[in-house]
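Reader: I would like to learn how to read a few features of a model. Please take them one at a time.

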Amino acid sequence: NARLLVQAGATDGTLARQYRTTYPASSFLAVDADLTLAQQAREYADRVHQANLDTASDAFYKHLEWADCWIFDATLENFADPAHVLARVRSVIQCDACIVARIANADYWLKPETSPRHAMTAANALRLFEGAGFRVVNGLLLNPGPLPADVDAALRLQAAQTGAAFDALRDAAQPSHYLFKAMPAR
């Protein structure tokens, strides 16, 4: 039941609307560098800042220190320097607050139309959080369904050619996204 949620990167607002169904007293603040996306966020966010979190000032981050939750909904991997953004959040986040991040799986079999700036695997994402002073307290693999037969066949061929374990290749390609909840480590 967070009171102030900071959404790092504007989206279509689905998450904000769903969260408010359960917790109507919550307040959403969206931050996006793109003017058009920031204006669209006004449809679902209580407050909107047009700012680039890669280059925002210490004062900008400081005024968000009371946020209960920072949300990166497939946006963390698109910042110029995700580690820098997380470190800046870590410098102001309260000890009982958290980050919730949905991160695209770099190994997923169905590539998006626009690839993220930084392709991440689960291991990369875990190292990113740990390096910025967070501990991952929960995580889920978001799985849209079984692999298509042609992808399964291609992974079996790759396993046979490289000697890699088919199960490991399938498991890496299965989830479309990872969902992490991270809290300050100290």
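Author: Start with Cys-98: it is buried, at a relative accessible area of 10%. Buried means under 20%, exposed over 50% and partly exposed in between, with a 1.4 Å probe and protein chains only. This is a predicted model: local features need pLDDT of at least 70, side-chain atom pairs count only at pLDDT 80 or more, and totals for chains, interfaces and linings use all residues. Residues are numbered from 1 along each chain as its sequence is written, and side-chain values use heavy atoms, leaving out hydrogens and water.

Reader: How many disulfides does the structure hold?

Author: A disulfide is a covalent bond between the sulfur atoms of two cysteines. The cut-off is a pair of cysteine sulfur atoms within 2.5 Å. The structure holds 0. Cys-69 is in no disulfide; its nearest cysteine sulfur belongs to Cys-98, 3.8 Å away. That is too far for a bond. Cys-69 is buried too, with a relative accessible area of 7%.

Reader: Is Glu-65 buried or exposed?

Author: Glu-65 is buried, with a relative accessible area of 18%. Its side chain makes a polar contact with the side chain of Lys-62, at 2.7 Å. Another, of 3.4 Å, joins the side chains of Glu-65 and Trp-66. A polar contact is a pair of N or O atoms within 3.5 Å; within protein, one must be able to donate a hydrogen and the other to accept it, and residues adjacent in sequence count only if both atoms are side-chain atoms.
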